[in-house]
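Subject: Model for your files

Hello,

The structure you asked about follows, and my notes are below it.

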Amino acid sequence: MAHVLIVDDEPDLAQLIDFNLRDAGFTTQLAGTGDAALVAARERPPDLVLLDLMLPDMSGIDVCRQLRASNPSRGLLIVMLTAKGEEADRIRGFEVGADDYVVKPFSVRELVLRLKAILRRGGAATPGGATTAPLALGSLKLDLAAHRFYVEDKEVPLTALEFRLLGHLMTRMGRVQTREQLLEEVWGLSSSLETRTIDTHVMRLRDKLGPARALLETVRGVGYRIVSPEAG
């Protein structure tokens, strides 16, 4: 079962989450500060980090940024946990590489189910489940087996969710994927998620495509698709 690093300085809440995750079969580790979280992630890399935005020594944003900057932890699934629900806070989390965002107060049972869904999708090394051969499209190359992405033969780091999103679109080249399809098949969630959450991830991914960013098209009012360079 997956190993989850719980980073929160509220002992009661952290222990409640810890109890419920262990009861659901996860292994867990607790960290009450950003420094402790970085040390824990380095000593025993988790499958997922549940990361509070407000910590006593540094912000969860800074912890997320440092995790994404390090090769061993770059591909970790990171879920931000915070009492703040403002759009600006969500966008900041996504900008530094968070995969999802949970706002306090929340149902612990729903949180456990949501983390299971995120981990289930995050563990899928082959988008679409069809092949492990690298996907190539113009200057883009997505190496599914090695979990690496290249633009013009230069490696570009992607978060776990960005990797799944790009793989999902590339294996369905030319086919429009609605936001509902992306929510269910990439995020692994059947419940509602704000449209802006999906749009923010797509915008971040498009920026990482560099000169090939035009290949990721927005179909207004419907969703998104990847097109061949020859399509234009």
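Two strands count as paired if DSSP finds at least two bridges between them. Helices (H or I, at least four residues) and strands (E, at least two) are DSSP runs, numbered from the N terminus. This is a predicted model, in which local features need pLDDT of at least 70, side-chain atom pairs count only at pLDDT 80 or more, and totals for chains, interfaces and linings use all residues. Residues are numbered from 1 along each chain as its sequence is written, and side-chain values use heavy atoms, with hydrogens and water left out.

Sheet. Strand 11 and strand 12 (residues 223-226) run antiparallel and are joined by four bridges; T218 has Y224 of strand 12 as its bridge partner. They belong to an open sheet of three strands, order 10-12-11, with antiparallel pairing. Strand 10 (177-178) and strand 11 (216-219) are at the edges with a single partner strand each, so one side of each has no neighbour in the sheet.

Salt bridges. With a side-chain nitrogen of Lys or Arg within 4 Å of a carboxyl oxygen of Asp or Glu as the rule, there are 13. One of them pairs K104 with D52, closest N and O atoms 3.5 Å apart. K104 lies in the loop between strand 5 (100-103) and helix 5 (108-122), and D52 in strand 3 (residues 48-52), 52 residues apart. Buried means under 20% relative accessible area, exposed over 50%, partly exposed in between (1.4 Å probe, protein chains only). K104 is buried at 14% and D52 at 3%. D8, E10, D52 and K104 form a salt-bridge network.

Regards
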